[in-house]
Amino acid sequence: MSIWWSLHLRREAASVPLARRLLLGTMETAGVDPDVSYDLSLALSEACANAVEHGGESGPQDSTEAYRVTAYLDGEKCRIEVTDSGPGFSPVRPRPTPMEAEHGRGLCLIHELADHVQIGNKPGRGAVVSFDKILKWREDAPLMAV
């Protein structure tokens, strides 16, 4: 079983729950275990929120710029990529941030929720956050990988 989709979204806060709902709906339809779906949807929300806030040249107020979300459910793994057009950031594993902090926990959460995380820059085209997780399936999964 293989499913993939890609969204081109405006850098607006309303785009984050849209991407999250599409991912959750896809996983529910395919029969992915709800705990795995939740982990991936939370990681996706954090990556999208970062793209909305930091993913453009002129700040979050400029909603004319967009970012892209691509999800691949392929066999036993789900891979998600969020690409923006901002200045990018250093592809170093983030330092732990105190839980009471309002900002700076997103990348740490993504690392905790996913099995493998890659963070990098595309020169002249922004940052890319990609992560994957091994899927678990419900017993009644209609599209379970064979």
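Helices (H or I, at least four residues) and strands (E, at least two) are taken as DSSP runs and numbered from the N terminus. The model is predicted, and local features therefore need pLDDT of at least 70, side-chain atom pairs count only at pLDDT 80 or more, and totals for chains, interfaces and linings use all residues. Residues are numbered from 1 along each chain as its sequence is written, and side-chain values use heavy atoms, with hydrogens and water left out.

Thr26 lies in helix α1, which spans residues 15-30, and counts as buried because its relative accessibility is 13%, where buried means under 20% relative accessible area, exposed over 50%, and partly exposed in between (1.4 Å probe, protein chains only). Its side chain makes a polar contact with the side chain of Trp5 at 3.2 Å; such a contact is a pair of N or O atoms within 3.5 Å, of which, within protein, one must be able to donate a hydrogen and the other to accept it, and residues adjacent in sequence count only if both atoms are side-chain atoms. With neighbours within four places in sequence left aside, Thr26 is in contact (heavy atoms within 4.5 Å) with Ile3, Trp5 and Leu73.

Arg20 is also placed in helix α1, but is partly exposed, with a relative accessible area of 21%. Residues up to four places away in sequence not being counted, Arg20 touches Tyr38, Ser41, Leu42, Leu44 and Ser45, and its side chain makes a polar contact with that of Ser45 at 3.2 Å. The C-alpha atoms of Arg20 and Glu46, 26 residues apart along the chain, are separated by 9.9 Å.

The lining of the second largest pocket includes His8, Tyr67, Arg68, Glu81, Asp84 and Lys122. By class, this lining has 3 nonpolar, 4 polar and 5 charged residues, where Ala, Val, Leu, Ile, Met, Phe, Trp, Tyr, Cys and Pro count as nonpolar, Asp, Glu, Lys and Arg as charged, and the others, Gly among them, as polar. A pocket is, on a 1 Å grid over the protein atoms alone, an open set of points where a 1.4 Å probe fits, with protein on both sides within 12 Å along at least five of seven lines, and lining residues have an atom within 4 Å of a point.
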